[in-house]
Amino acid sequence: MGRLATMKATPYVDRPQAGGYNTYENALMPPTPDHTVFVVDDDEAVRKAVSRLLRSAGIAAAVFASPREFLAQYNPAMPGCLVLDMAMPDFDGLQLQTALTEKGCILPIIFLTGHGDVSKSVQAMKQGAFDFLSKPVKDKDLLTAVRAAIERDTVARREQGKLSEIRARLDTLTPREREVLEHVVSGKLNKQIAGDLGITEATVKMHRAHVMAKMKVQSVAELARLTERCRTRGNSE
């Protein structure tokens with residue numbers, strides 16, 4: 001987590017608007033491979049304070065005035081975490097959490113609330129929220145939560161990348177090779193597989209060799225671990 005101190009902050013600027021009112025603007029999704037903290041809150045003062053705090057800690061930030069604005073711009077491939085206000089008009093934090101979950105988004109969510117609504121906090125945690133902080137939140141508490149959430153996101157994306165690689169290897173197998181794989185990881189011998197599939201042992205050995213090569217494994221135990229890992233994670237997502 002020490003590298004956060006070197007991350008480039010998102011370019012935010014205060015610009016005078018019509019009537020002399022200053023709006024704290026954010027650039028559209030910063031083009032950086034580093035983690036970004038997405039701040040969604042309908043209170044401009046909160047957005048401004050949180051983004052300045054994050055930038056002061058060397059953490060890139062992108063702010064949004066509403067969940068709809070965030071959804072319109074968010075790219076799931078961008079790593080980071082979401083600091084989300086619970087109570088907002090029309091489309092609140094819980095609804096955004098649900099929408100992201102339905103999209104398969106793994107972005108860790110840190111909820112902020114000024115109302116101390118216990119029932120909503122429980123609901124948010126049950127739906128997988130990473131943390132829940134009450135306004136006004138202490139700078140130290142928010143930064144600690146953000147760093148932990150970014151670490152969670154890093155680990156999750158690393159795991160997701162490994163699973164994607166395993167699935168890509170599986171996709172290279174022919175239908176017959178997939179059949180042989182299933183029999184092999186179930187512990188069956190070549191002779192048994194040949195009998196079950198109605199093919200010769202020599203053919204089984206050939207398919208088995210192709211499976212091991214395509215899956216880039218050296219043993220049946222390793223092959224079984226990869227396929228089981230893929231199944232387990234796939235069922236939980």
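A residue counts as buried when its relative accessible area is under 20%. In this predicted model, Asp41 has 1% relative accessibility, so Asp41 counts as buried.

Asp41 sits in the loop between strand E3 and helix H1, and Lys135 in the loop between strand E7 and helix H5, so the pair ties together parts 94 residues apart in sequence.

## Salt bridges of helix H5

The structure holds 9 salt bridges. One of them joins the side chains of Asp153 and Arg157, at 2.8 Å from N to O. These residues are 4 apart in helix H5, about one helical turn. Asp153 is buried at 0% relative accessible area. Arg157 is buried too, at 18%.

Glu159 pairs with Arg229, with the closest N and O atoms 2.7 Å apart. Glu159 belongs to H5 and Arg229 to helix H9 (residues 220–236), so this bridge links parts 70 residues apart in sequence. Arg229 is partly exposed, at 29%. Elsewhere, shared partners join Asp41, Asp85 and Lys135 into one salt-bridge network.

## Helix H3

At the start of H3, a side-chain oxygen of Asp92 comes within 3.2 Å of the backbone nitrogen of Leu94. Buried residues of H3 (93–102) include Leu94, Leu96 and Leu100. Just after the helix, Gly104 takes a positive phi of about 80°.

## H7 against H8

Helices H7 (190–197) and H8 (201–215) pack at about 105°, with axes 8 Å apart. That makes H7 roughly perpendicular to H8. Asn190, Lys191, Ile193 and Ala194 of H7 meet Glu201, Val204, Lys205 and Arg208 of H8. The contact has 3 nonpolar, 1 polar and 4 charged residues.

Conventions: Residues numbered from 1 in each chain as written. Heavy atoms only, no water. Buried < 20%, exposed > 50% of the residue type's maximum accessible area, 1.4 Å probe, protein only. Helix = DSSP H or I, 4+ residues; strand = E, 2+ residues; numbered from the N terminus. Polar contact = N/O pair within 3.5 Å; in protein donor to acceptor, adjacent residues only side chain to side chain. Axes fitted to C-alpha atoms, helices over the stretch in contact; angles between N-to-C directions. Parallel < 35°, antiparallel > 145°, perpendicular 65-115°, else oblique. Contact = heavy atoms within 4.5 Å. Nonpolar A, V, L, I, M, F, W, Y, C, P; charged D, E, K, R; others polar. Salt bridge = Lys/Arg side-chain N within 4 Å of Asp/Glu carboxyl O.
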